[in-house]
Amino acid sequence: MAHPAFLLPTQLVAKMANQKVINNILKYSGAGFQMLAIILLGAWGGTYLDSRYQTSKPYFTMACTLLAVFLALGVVLKDFLVKK
């Protein structure tokens, strides 16, 4: 790959556009994994509480998973709405 000083202007623009696409892909995939981790952690915490307190139905699992979904959405939306 050529040094940026030796690239033609059209090549430089294309390289910058590719870098922007790559940055967006990493940003959105990272957000997806972050949401997945938060939701799985909430579900795991709920199942732990259900087994700890011997509930007849998975009330804690449902509540913690739902809370984790809203928390994950809030965290990801906050990351996307904050201008860097």
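**Note on a predicted two-helix region**

1. Gln54 is placed in the loop between helix 1 and helix 2. The phi angle of Gln54 is near 50°, a positive value in a residue that is not glycine. Most residues other than glycine have a negative phi. Is Gln54 buried or exposed? Gln54 has a relative accessibility of 67%, so it counts as exposed.

2. Helix 2 covers residues 59–81, which makes 23 residues. How far apart should its ends be? The expected span is 1.5 Å times one less than the number of residues. For helix 2 that rule gives 33 Å, and the end C-alpha atoms are 33 Å apart, so the two values agree.

3. Which residues of helix 2 are buried? They are Thr61, Ala68, Ala72 and Val76. An α-helix has 3.6 residues a turn, so residues three or four places apart point the same way.

4. Gly74 and Met35 are 39 residues apart along the chain, yet their C-alpha atoms are separated by 9.7 Å.

5. A nonpolar patch on the surface is formed by Leu66, Phe70, Leu73, Leu77 and Leu81. Together these residues have about 540 Å² of accessible area. One of them, Leu81, is found in helix 2. The relative accessible area of Leu81 is 67%, so this residue is exposed.

6. How many salt bridges does the structure hold? There is one. Side chains of opposite charge can pair when their charged atoms come close. Here the partners are Asp79 and Lys78, and their closest N and O atoms are 3.7 Å apart. The cut-off for such a contact is 4 Å. Asp79 is partly exposed, as its relative accessibility is 31%.

7. The count of aromatic pairs comes to three. In one of them, the ring centres of Trp44 and Tyr48 are 6.0 Å apart and the planes lie at 20°, so the pair is stacked. The cut-off for stacking is an angle under 30 degrees. Both residues lie in helix 1, which spans residues 9–53. Trp44 and Tyr48 are four residues apart, about one turn of the helix. Trp44 counts as exposed because its relative accessibility is 56%, whereas Tyr48, at 44%, is partly exposed.

8. Two tyrosine rings deserve a look for a charge over the face. Lys27 lies over the face of Tyr28, at 5.8 Å from the ring centre. Arg52 is placed over the face of Tyr53, again at 5.8 Å from the ring centre. The distance limit for this kind of contact is 6 Å.

Methods. Residues numbered from 1 in each chain as written. Predicted model: local features only at pLDDT ≥ 70, side-chain atom pairs only at ≥ 80, totals over all residues. Heavy atoms only, no water. Buried < 20%, exposed > 50% of the residue type's maximum accessible area, 1.4 Å probe, protein only. Phe/Tyr/Trp six-rings, centres within 6.5 Å; stacked < 30°, edge-to-face > 60°. Lys NZ or Arg CZ within 6 Å of the ring centre and 35° of its normal. Patch = residues over 30% accessible without salt bridge, like charges linked within 9 Å, V, L, I, M, F, W, Y side chains within 5 Å. Areas by Shrake-Rupley, 256 points an atom, 1.4 Å probe, with all protein chains shown as cover. Salt bridge = Lys/Arg side-chain N within 4 Å of Asp/Glu carboxyl O.
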